[in-house]
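Subject: Handing over the structure

Hi,

Here is the structure I said I would pass on.

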Amino acid sequence: MSLTMTAAAIPESRKVVRAGAAITAVADILKRRGMEPGKTALTEDRPDGTDEYQQEVYRQAWVNSLRLSGHDDYARFTLAKLREDQFPDHVRAYVDKLVEARAHNRDQEKLPEDQREIVRPTIQHLILHGSTGTRKTATAAAAGAYAVERGLMARFVSHSKYLGWLRPDSAPAGLTRTQILERYERCDLLVLDDLCEEMDEYATNHVRTLTNNLITARANKGRGTIFTTNLNFDQVEVVLGERLASRIGGRALPLKLVGDDARKPQRW
């Protein structure tokens, strides 16, 4: 083999090594987040670039979280499909601020711990509230899809399912309790759907503790959470307690969705 041929081959081989290392790194991230790399629908036709690969991983994680919560059909919602009374501009601005905060905090994580200045977005919680059928969940789903488009890891789960999955041997898809906790505490954006659903009276201390741990863990790391609920602040306070309701309402933007029930149920 000539020296010329060897020199020409080296750059391409280095690209292969780097690409392989990048794919391995992404696979390691998937495993830490409770996902199986071989089951993420990233097959031979997956994107070649690391950024594209990561975005596809995030997209699959978002769609999978909708599926686990029984909301597969909400994967179709995007900001472009929202009506004006669903506040698409507010939702876009909220996600954009999360993107800015995450970029800053990731840069800070490269510094020694005693030199880091972790920031939280001015609006950390988006609260979509209103009566039944006012498209709260559709709006939240569009926000999640946009977050993925902007490079955030977003997840969707209903409040009741999250609590149910933390019971012994109740986690779905072969996940462990620890993986459920990490999955929803560590994502960049969480949609917590139907906050306090069917909790008409005081929640048990166990429910309050689990909910508090989730919200506090996310808030302390500057991660955004979107809540959808049929209840107002006072009603949430009755169910979850004054302290937790205050934490949810802190650094929050409440948006009230109004209108007739979009499901158009037949009454009898």
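Below is what was found, starting with how to read it.

This is a predicted model, so local features need pLDDT of at least 70 and side-chain atom pairs count only at pLDDT 80 or more, while totals for chains, interfaces and linings use all residues. Residues are numbered from 1 along each chain as its sequence is written, and side-chain values use heavy atoms, with hydrogens and water left out.

A quick word on names: helices (H or I, at least four residues) and strands (E, at least two) are DSSP runs, numbered from the N terminus.

**The sheet**

Five strands form an open sheet in the order β2-β3-β4-β1-β5, with parallel pairing. Two strands pair if DSSP finds at least two bridges between them. The edges are β2 (154–158) and β5 (252–256); each has a single partner strand, so one side of each has no neighbour in the sheet. From one strand to the next, the twist averages 15°. Angles run from 0 to 180 degrees between N-to-C directions, and axes are lines fitted to C-alpha atoms, for helices over the stretch in contact.

Inside the sheet, β1 (residues 125–129) and β4 (residues 224–229) run parallel and are joined by five bridges. Look for Ile 127, which stands opposite Phe 227 in β4.

**The helices on it**

Helix α3 lies across β1, β3 (189–193), β4 and β5, at about 150° to β4. Helix α4 packs on the sheet too, touching β1, β2, β3 and β4, and its direction makes about 165° with that of β4. Contact here means heavy atoms within 4.5 Å.

How do α3 and α4 meet? The axes of α3 (residues 88–108) and α4 (residues 136–149) come within 10 Å and cross at roughly 40°. Val 91, Arg 92, Val 95 and Asp 96 of α3 make the contact with Thr 139, Ala 143, Tyr 146 and Ala 147 of α4.

Most residues other than glycine have a negative phi. Cys 196 is not a glycine, yet its phi is positive, about 65°. Cys 196 sits in the loop between β3 and α7 (205–220). Is Cys 196 buried or exposed? Cys 196 is buried, with a relative accessible area of 3%. Arg 251 is not a glycine either, and has a positive phi of about 50°. Arg 251 is in the loop between α9 (242–249) and β5, and at 34% relative accessibility it counts as partly exposed. For the cut-offs, buried means under 20% relative accessible area, exposed over 50%, and partly exposed in between (1.4 Å probe, protein chains only).

Cheers
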